[in-house]
Amino acid sequence: MPLGFLRSAREPDRSAPQQGHSAGKSRPDRAVVLGEVEELGIGMFWATDAEGCLNFLSQRALVELGDAGEALMGQALTQVFQDVDQEDGGPTQRSLAFKLKARSKLDEHIVAVADGRGSTRWWRLNGRPLTDARGTFHGYRGSAVDISAQYAFETRVTKQSQIDELTGLANRRKLNERLTAMLNAFRANKRSCALMMLDLDRFKQVNDTMGHPAGDELLKQVAQRLSSLVKDAGEVGRLGGDEFQVVLPDMDDRGTLGELANRIVQSVSQPYTINGRRAIIGASVGIAIAPYDGLDADELTRAADMALYSAKETRGGTFCFFTSELRDKASKTARLGDRLRDAVDRDELRLAYQPLVDPATNEVKCFEALLRWHDEEEGDISPAQFIPVAENDDLIIRIGEAALKRACVDALAWPGNIKVAVNVSAKQFTRPGFRKAVAAALESSGLPPSRLELEITESVFVGDLESVDSVFLDLKKLGVRLALDDFGTGYSSLGYLKHGHFNKIKIDQSFVRGCTENGDINPAIITAIVALAKALGMETVAEGVEAMDELELVKARGADLVQGYIFSRALSQDQVLEQIAHGSATFRPSGPPRHRAERITIFRKVGLIHEDHYYDVILRNISKTGARITGLAGVPVGTDVVLDLGHGQLVVSKVVNATENSQGLKFETPLISDGSGGFMTRHRISPYALAEAGIPLAALGAGAFPLAKWREAHKSIPKFVQLEIGS
């Protein structure tokens, strides 16, 4: 088709016979009309050959494209016209290549085309495939309209509706659309996707003490830190308030995700400078992974939310992975909160006292007051369960003040050289009137201020540091001693140590446990903390010491005091008084000679795979490196097995010891922490691989699938997973 077939309306084709509808009137020439349409800017025309290459552009189209127009002839239409990017606010539509290959009609298809002036134009295409009477395809014939101005405006509006104005990150709407589209595409291609939900700890305190403009500036800085950490690995967005979200495509390695979450927590928790003032906040992260924890956006978001709640409930300033047990835990937590309020109203909480001992003389120097709760129906409930519940409510204020008063009264009955340490929550510490509450407890009991130690975690430094400093100064004037608890595990910053607020640093038990294992770096950390404390004139306490080798190590590294089961569990006031009455204020160390890897006592049914057989067994306890099972007899030492922990978690193991119906297993690859006190495998078998083998995910862990299909499923497992579970 010649390029000049569209003639100007001012130059009609004289060679064509003119036919009229009636005498004296003629029908306009078709080419002339098309030329007039172009001149009026109503449309342009294009055509391709049967191979999909552009072989015609009308005069108006050539003018629009400038010098680039002629050069486009003969090129594939998909090279001439580019699909617009949906990420930049473009419409959702099938690709041009897909439609051309299927020989579908083109209706209002928006494309980008480069002109000869270095700019991009946006055209709306309409087109139809052309076939002859025999069905032979001859290419496409179509029209185009330049919509550049309209398209630029609409995409700008669309972008604005998808961007958080304060931080410049994607907003809730865009994140949800992006996650939905990604999961739909990934489900078809059997790919994974991780979702992190992030919530700032104590952000409200910054808003309240420094003002909302300072809070806005803080959110901007948080957004910058998150973007610099995640980079191109995923997309960071702000859901609103102090909630952020991170979408990480093609990531299901829980070890890698845990490391990233830990870096996020540590980075976000570093000090901020806002209008010349310093502020510290914290962060908690919940992690869920598709397809294991959810297949659609709503399901995956709920799972990540549940994990986030668990992280905040644990202690904040940490991360947690979603597990199926969290659903039951959330329901149990709600019930626990109701029972806890009733228990506080009835004054059912009691104090027990664990000694802090001088390892050189075995003499007790201080007792730490620890809360205990015995429920008539549930029995003894761990503080690890009920304290986080109280922290999420102002109930912790009531509990804390009552514990402070009771501890001061009890300590007055001890020898005058023994101090009492009382834990203080961040909510309690930053609440107006805290100094008055401490003074009132001392005055009503008659306890000298120098015998009271307040144990404070690093979380109190979250927020406006100037307000926090004023509370410290008030307490120092009162004469009480201050101890920094769980040092190094929260919002760690050495900056607040230089102000000299503290008399004592407590080395967290996470640095003590396993410090004697080969290659462990914790001894160096303990040495550094002790040296720092001595340089600042502070005592050090090593927490959680349970084994003799740990005791010897912390003594050698210079710890002033030791606390842990190696000396004593927490004692009731009556037991403390009884020991003192016998004239003894010493505790002899007693414990295993060597540290053993932390094991979680558990009792639940799991699976054991040996060759082509699947057995139901009972898991009795588990650690990072091994487990004990019961339920099978006559399993010889040295047998290679695969332990099925459920939900796609398979661990290659070896039987290292055995009794008549019990076996000790050693894992080929250590488990990793799930962020909430449990253990999990780094990788899981994808439900896609199981589905290919005809095995539903729910069947794993229940022993319900045909044994012969085990090996078939195993062939579908990615190689990096096979390295973990054996091949």
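The model is predicted: local features need pLDDT of at least 70, side-chain atom pairs count only at pLDDT 80 or more, and totals for chains, interfaces and linings use all residues. Residues are numbered from 1 along each chain as its sequence is written, and side-chain values use heavy atoms, leaving out hydrogens and water.

**Nonpolar cores**

- A nonpolar core is a set of buried Ala, Val, Leu, Ile, Met, Phe, Trp, Tyr and Cys residues joined through side-chain atoms within 4.5 Å; buried means under 20% relative accessible area, with a 1.4 Å probe and protein chains only.
- The largest such core has 76 residues, and L340, V438, L452 and L454 have the most contacts inside it.
- Helix 14 (residues 395-411) gives this core its largest share, nine residues; helices are DSSP runs of H or I with at least four residues, and strands are runs of E with at least two, numbered from the N terminus.
- Another core, of 39 residues, lies apart from it and includes M196, V222, V265 and Y272.

**A buried serine**

- S568 sits in the loop between strand 23 (561-562) and helix 21 (573-581).
- The relative accessible area of S568 is 9%, so S568 is buried.
- Leaving aside neighbours within four places in sequence, S568 is in contact (heavy atoms within 4.5 Å) with Q354, P355 and F587.

- Six strands form an open antiparallel sheet in the order 2-1-6-5-4-3; two strands pair if DSSP finds at least two bridges between them.
- Strand 2 (54-57) and strand 3 (82-83) stand at the edges with a single partner strand each, so one side of each has no neighbour in the sheet.
- Two bridges join strand 3 to strand 4 (residues 106-114), and D83 stands opposite V111 in strand 4.

How values were computed:
Buried means under 20% relative accessible area, exposed over 50%, partly exposed in between (1.4 Å probe, protein chains only).
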